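Here is a walk through one protein model, taken step by step. Keep the structure in view as you read.

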Amino acid sequence: MCAASWGTPPPADSPRLELTDPTPQRASRLASSPDRLFGVSAIEQSRHIVTKIPGPASLELTKRRAAAVSAGVGMTMPVFAARAAGGIVEDVDGNRLIDLGSGIAVTTIGSSAPRVVDAVSAQVADFTHTCFMVTPYEEYVAVAEQLNRLAPGSGQKRSVLFNSGSEAVENAVKIARSHTKKSAVVAFDHAYHGRTNLTMALTAKSMPYKSGFGPFAPEIYRAPLSYPYRDGLIDKEMATDGELAARRAIDIISKQVGADNLAAIIVEPIQGEGGFIVPAEGFLPALLRWCRENNVVFIADEVQTGIARTGAMFACEHEGIEPDLICIAKGIADGLPLSAVTGRAEIMDAAHTSGLGGTYGGNPLACAAALATLETIEADGLIERARQIERLMKDRLHAVQASDDRIGDVRGRGAMIAVEFVNPDDAEPDAKLTNALATAAHAAGVIVLTAGTFGNVVRFLPPLTITDELLSEGLDVVTGLLGAL
Ligand code: PMP
């Protein structure tokens, strides 16, 4: 298997390391492990179904799960993973599923990517933890340096590392409050920012994220988002004029909160759980301008959109904006728990010493994985690969949309593409069709996720290392099933 063969070769002059070239360290591991190839699980990159899905081993584990794991934890499909690499997740029954979910936008460079396997293996042998706040280590500093280099904006930047996306968002709010000495925070309709108490308050959707878990953190307010597809059903100008949509939001923020009380606005440049909503062009720059004029910190939550996912290192780059603070997680460390807040030095340095931190934040294994992930993205041209995936997916899905009026909208950027399903007569959300399609795809061996406030969006988040063939096959399966529903 050549993990880097995508179907379309990259330009000859693009800098690219050969993924199939094992380091001496990995080579010696491979020699004693015939099941493994090139340091990653040697999983053939093809869909292969050997049992009904879920198979007997998965069903058995699902029973144990029900008896042992809190019922509060959801499950997209009752299929237990055994190995994963490239565009494939192999289950415990030996089925090979096409992965169009990347563990919710995490394994952007493919699970167990070769450089990550090497870097983490070397790090685990050196030390697993000292706590960066006790005896610091270089890997944390190196990740901060890389994020400061890569985040939009040419001014001085600083970073701080945590474990999860929610934790990054919590800390971005702490930093913004510390800097502005104000307390209110505005989030948007359809937003998702996490499941901790403050981030539940920022998240819009009640069921399943908030219902029954209040009371929530105070001083959180909500503003209308730019949602071109749904705005356009009522007001065509609102759908295309991002500045107009921003004025609608700013009007409400000014009147209901007041800039004098407002520490920050937080926005996903493309909403993730909300259904991959790409705001109309001009919406984000107009909000940022207003924030700058009013001493309000602009926080971009790039937990889902960041780290090459959308065909740019950060989705804010598509709008040419430089946020004050960026929340980063998911794709940064190929599945090891790591998150970050990166931003303008004068804001990031506002918190008092020891006001930020945590026992595990910037764990050395996660930092080693992050450095290897960033190296892989840059050396293997994966940002360009995300753009190729966008073209392939949009061409395909737009063609299906042309003959199926249940598809209200196809949208997204890079390898973050979604389809919104509606009733053709009145554009009402069709969650039933969405769920039926996702369930049928799972049974056919294709991992897809749903999303959206109305539960009527199927979203695609393939690893960037998936081959064109596998991606096309996954789309063939999904669109074929749609035709039969
Ligand atoms: N923000 C966004 C935009 C997210 O998509 C998510 C996770 N889906 C989070 C925050 C929370 O991240 P975590 O689950 O790692 O806490």
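What follows goes from the domains to the ligand, then to the helix packing and a few backbone details.

Start with the whole. The model is a predicted one. The protein is divided into two parts: domain 1 covers 43-99 + 381-484, and domain 2 covers 118-379. Domain 1 is therefore written as two stretches of the chain, as the cut-offs of an automatic or database assignment place them. Between the centres of domain 1 and domain 2, taken over C-alpha atoms, lie 26 Å. The contact between them draws 23 residues from domain 1 and 23 residues from domain 2.

Which elements of domain 1 supply at least two residues each to the side that touches domain 2? They are helix 14, strand 13 (407-413), strand 14 (416-421) and strand 17 (457-460). By class, this side of domain 1 has 10 nonpolar, six polar and seven charged residues.

Now find the ligand. There are 15 residues around it, and S164, G165, S166, V303 and Q304 come nearest. Which helix gives the most to this shell? It is helix 6 (residues 165-180), with three residues. The shell around the ligand holds five nonpolar, seven polar and three charged residues.

Turn next to the helices. Two packed helices are described by the angle between their axes and the distance between the axes.

From helix 14 come I389, L392, M393, R396 and V400; they meet D468, L471, L475 and T479 in helix 16. Six residues of this contact are nonpolar, one is polar and two are charged. Recall that helix 14 also supplies residues to the side of domain 1 that touches domain 2.

Go on to helix 4 (residues 114-126) and helix 13 (residues 364-379). Here the angle is about 155°, and the axes are 8 Å apart. Are the two roughly parallel or roughly antiparallel? Angles over 145 degrees count as roughly antiparallel, so helix 4 is roughly antiparallel to helix 13. Helix 4 passes helix 13 in a right-handed crossing. On the side of helix 4, the contact uses R115, V116, A119, V120, Q123 and V124. Helix 13 answers with P364, L365, A368, A369, L371, A372, T373, E375 and T376. The contact of helix 4 with helix 13 has 10 nonpolar, three polar and two charged residues.

Helix 13 also packs against helix 5 (residues 138-150). The angle is about 35°, and the axes are 9 Å apart. This crossing is left-handed. Helix 5 brings E139, Y140, A142, V143 and Q146, while helix 13 brings P364, C367, A368, A370, L371 and L374. Nine residues of the contact are nonpolar, one is polar and one is charged. P364, A368 and L371 of helix 13 take part here, and they also meet helix 4.

Finish with the backbone. Where are the cis peptide bonds described here? One runs from I53 to P54, with omega near 0°. P54 sits in the loop between strand 2 (40-41) and helix 2 (56-68). Another runs from M207 to P208, with omega near 5°. P208 lies in the loop between helix 7 (197-202) and strand 8 (220-223).

One last residue deserves a look. I307 is not a glycine, yet it has a positive phi of about 60°. You will find I307 in the loop between strand 10 (297-301) and strand 11 (325-328).

Notes:
Residues numbered from 1 in each chain as written. Predicted model: local features only at pLDDT ≥ 70, side-chain atom pairs only at ≥ 80, totals over all residues. Contact = placed C-beta atoms within 7 Å. Helix = DSSP H or I, 4+ residues; strand = E, 2+ residues; numbered from the N terminus. Nonpolar A, V, L, I, M, F, W, Y, C, P; charged D, E, K, R; others polar. Near = placed C-beta within 6 Å. Axes fitted to C-alpha atoms, helices over the stretch in contact; angles between N-to-C directions. Parallel < 35°, antiparallel > 145°, perpendicular 65-115°, else oblique. Left-handed = near helix turned anticlockwise from the far one by under 90°.
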